[in-house]
Amino acid sequence: MPDIHSIVVLTGAGISAESGLATFRGPDGLWEGRRVEEICTPQALAADRGLVLDFYDQRRRALAGVAPNAAHEALARLDAEWPGELLIVTQNVDDLHERAGAKRLIHMHGELLSALCERCGGRAPFAGDMIGGPRCGHCDADALRPDIVFFGEMPYAMDHIDRALMDADLFVSIGTSGAVYPAAGYVQTARYRGADTLELNLEPSAGSMMFAESRLGTASRLVPEWVEEVLRAD
């Protein structure tokens, strides 16, 4: 393994699927039987607020029944033991990375356990149901929505992610479909800057051909093996 000082890891729904959280894109995905536009856009929220809030209330309640798996725990170990630069960028809105112990982490698509006020833009931790829930703690408006990046909205911390990609020696994508931008383009950015690239996925993604290496299998097996390899080589 070449000298590595800075690592960027991108995780997608595949890393949480083994914990029992359904993926958005697959035969059993959360969108099955319902168009994305019915659930996850600002227009959908305006058209049927109750439907959207109930959907995310159900997702929030489901978190209580799952736990981090070996892949989350391995990345938390990497976070704790890797002496160089590390940024874990997750497309997932669950809290399994945090529960495993990861700290150098960005939720680019928001978090289920956070509320966003449409009136004042305030954010706060939120673990209950939004239907019939509390008012905004900042401005007292009845305008809370899930702190989720809907389709058509700008992902969070894009400048931070771009800077990390520019400095990365290694970019690793774990459990992603390779179909959702801007995250799907991160491998190209990393390659352009000269970083090595690795995909760990259950099956080839839409962008597999862009990676220098692709390893196929379950995240709970591949990620601990890779983390052990990186820490042993350090």
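How are H4 and H8 oriented to each other: roughly parallel or roughly perpendicular? I opened this predicted model to find out.

**Entry 1: H4 and H8**

I located helix H4 at residues 70–81 and helix H8 at residues 219–233. Their axes pack at an angle of about 20° and lie 7 Å apart. Angles under 35 degrees count as roughly parallel, so H4 and H8 are roughly parallel to each other. I also looked up the handedness: the crossing of H4 and H8 is left-handed.

Next I listed who touches whom. H4 brings Ala70, Ala71, Ala74, Leu75, Arg77, Leu78 and Glu81 to the contact. From H8 come Ala219, Ser220, Val223, Pro224, Trp226, Val227, Glu228, Val230 and Leu231. I sorted the contact of H4 with H8 by class: 12 nonpolar, one polar and three charged residues.

**Entry 2: H4 on its own**

I checked the length of H4. With 12 residues at 1.5 Å a residue, H4 should span 16 Å. The end C-alpha atoms of H4 are 16 Å apart, so the two values agree.

Which residues of H4 are buried? I noted Ala71, His72, Ala74, Leu75, Ala76, Leu78 and Asp79. I kept a rule in mind here: an α-helix has 3.6 residues a turn, so residues three or four places apart point the same way. The buried residues of H4 pack against H8, and also against strands E1 (6–11), E2 (85–90) and E7 (170–174) and helices H1 (13–17) and H5 (96–100).

**Entry 3: H3**

I moved to helix H3, residues 49–62. H3 has 14 residues and reaches 20 Å from its first C-alpha to its last, close to the 20 Å expected. Its buried residues are Val52, Leu53, Phe55, Tyr56, Asp57, Arg59 and Arg60. What do the buried residues of H3 pack against? I found helix H2 (42–47), E4 and strand E6 (144–148).

**Entry 4: two loop residues**

I looked up histidine 109 in the loop between strand E3 (105–107) and strand E4 (110–117). Is histidine 109 buried or exposed? Buried means under 20% relative accessible area; histidine 109 has 15%, so it is buried. Leaving aside neighbours within four places in sequence, I listed its contacts: Thr90, Gln91, Val93, Asp147, Ile148, Val149, Pro155 and Val180.

Isoleucine 39 sits in the loop between H1 and H2. I read a relative accessible area of 0%, so isoleucine 39 is buried. Last, I took a distance. Isoleucine 39 and serine 6 are 33 residues apart along the chain, and their C-alpha atoms are separated by 37 Å.

Technical notes. Residues are numbered from 1 along each chain as its sequence is written. This is a predicted model: local features need pLDDT of at least 70, side-chain atom pairs count only at pLDDT 80 or more; totals for chains, interfaces and linings use all residues. Side-chain values use heavy atoms; hydrogens and water are left out. Axes are lines fitted to C-alpha atoms, for helices over the stretch in contact, and angles run from 0 to 180 degrees between N-to-C directions. Helices (H or I, at least four residues) and strands (E, at least two) are DSSP runs, numbered from the N terminus. Angles under 35 degrees count as roughly parallel, over 145 as roughly antiparallel, 65 to 115 as roughly perpendicular and the rest as oblique. A crossing is left-handed if the near helix is turned anticlockwise from the far one by less than a right angle, and right-handed if clockwise. Contact means heavy atoms within 4.5 Å. Ala, Val, Leu, Ile, Met, Phe, Trp, Tyr, Cys and Pro count as nonpolar, Asp, Glu, Lys and Arg as charged, and the others, Gly among them, as polar. The expected span of a helix is 1.5 Å times one less than its number of residues. Buried means under 20% relative accessible area, exposed over 50%, partly exposed in between (1.4 Å probe, protein chains only).
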